[in-house]
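Here is a protein model to read from the atoms up. Keep the structure in view and follow each part as it comes.

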Amino acid sequence: MTGLRERKRQERNDIIIDAAMDLFQAHGYEQTTMEEIAARADISPPTLYRYFPRKTELLIALFWKERERMDTALEEFHRKSVSWDAVSAMAGLLYLNNSGVHTKAQRKLWREVMAALLRIHDEATDEFRSIKEHFEKHVERMLRRLQNDGLVAEEAPLGPMMYVLYAVAAENYYRVIANEFKSAEDEKRAMEEQVALVFKGWLT
């Protein structure tokens, strides 16, 4: 019985997040009210507040759901890139992580998401940091695999390199949601050039 109750709760949780995503893209995060989200999810506002007491918590849940969706693609990428050169493998990982933003509405949504997350980022161990660390682990995993395969020098400082490569991904993501790239090829080229600079002197 507990399992069924938990499944139903998770199903409703997903319905709420999907409703919020639709409304945030249509009207913007700031303009969307919790009451509108409740109506779209076909639940009462009190029920919504039991799941998500504040809109920022709903925003964080939305971000984690996107991360879970991306994890499947990232896992597949780790497997298929085993024969690639170091720059292509790392640049491809960063590019894939930044994918999924194509339309004007999506770019606007994720600009608002990032702004909202930064506004609540006031502790070293808060949700924003957890989200950041989640992808850092993928970057570190790729670095260690490249090192183990003899593509990156044994003495390479993997810790600092991980932080710099995450910064490369973040900078290019900000450029994506600001619509600075004219095409996906421009973004890929920029990513590869920046990754090559990080790896300079450390490739074998």
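Start in the loop between α2 and α3, where D42 sits. The model is predicted. D42 is not a glycine, yet its phi is positive, at about 60 degrees. Is D42 buried or exposed? Its relative accessibility is 70%, so D42 counts as exposed.

A second residue of this kind is N179. N179 lies in the loop between α8 and α9. Its phi is also positive, near 60 degrees, and N179 is a residue other than glycine. N179 has 46% relative accessibility, so it counts as partly exposed.

## The overall build

How many helices and strands does the protein have? There are 9 helices and 0 strands. Read along the sequence, the pattern is α-α-α-α-α-α-α-α-α.

The C-alpha trace spans about 60 × 45 × 30 Å along its principal axes. The protein has 204 residues, and buried residues make up 44% of them.

## Two domains

The protein is divided into domain 1, residues 1–53, and domain 2, residues 55–199. Taken over C-alpha atoms, the centres of domain 1 and domain 2 are 28 Å apart. Domain 1 puts 17 residues into the contact, and domain 2 puts in 17 residues.

The size of an interface is often given as the accessible area lost when the parts come together. Between domain 1 and domain 2, the buried area is about 1,600 Å². Carbon and sulfur atoms give 67% of that area.

## The largest core

Which residues have the most contacts inside the largest nonpolar core? They are I16, I37, F52 and W110, in a core of 36 residues. Several helices give two or more residues to this core: α1 (2–27), α2 (34–41), α3 (45–51), α4 (55–80), α6 (104–119), α7 (127–148) and α8 (158–177). Of these, α1 gives the most, with 7 residues. Where does the core lie? Domain 1 and domain 2 both give residues to this core, so it lies between them.

Take I16 as a way in. Leaving out residues up to four places away in sequence, I16 touches I37, A41, I43, L48, Y51, F52 and L58. Two of these partners, I37 and F52, are also among the residues with the most contacts inside the core. There is also a second, separate core of 30 residues. Among its members are V87, A91, V152 and V198.

## Inside helix α7

Now look along α7. This helix has 22 residues. At 1.5 Å a residue, α7 should span 32 Å.

The buried residues are F128, I131, K132, F135, E136, H138, V139, M142, L143, R145, L146 and Q147. What covers them? The cover includes α4, α5 (86–97), α6, α8 and α9 (184–199).

H138 belongs to helix α7. Its relative accessible area is 7%; buried means under 20%, so H138 is buried. Which residues does H138 touch? They are D71, L74, E75, H78 and L93, not counting residues up to four places away in sequence. Just after α7 comes G150, with a positive phi of about 80 degrees.

## What the record marks

In the model, residues 10–70 are 80% helix and 0% strand. The end C-alpha atoms of residues 10–70 are 19 Å apart.

Note on methods: Residues are numbered from 1 along each chain as its sequence is written. This is a predicted model: local features need pLDDT of at least 70, side-chain atom pairs count only at pLDDT 80 or more; totals for chains, interfaces and linings use all residues. Side-chain values use heavy atoms; hydrogens and water are left out. A nonpolar core is a set of buried Ala, Val, Leu, Ile, Met, Phe, Trp, Tyr and Cys residues joined through side-chain atoms within 4.5 Å. Buried means under 20% relative accessible area, exposed over 50%, partly exposed in between (1.4 Å probe, protein chains only). Helices (H or I, at least four residues) and strands (E, at least two) are DSSP runs, numbered from the N terminus. Domain bounds come from an automatic or database domain assignment. Contact means heavy atoms within 4.5 Å. The expected span of a helix is 1.5 Å times one less than its number of residues. Buried area is the accessible area (1.4 Å probe) that two parts lose on being put together, summed over both.
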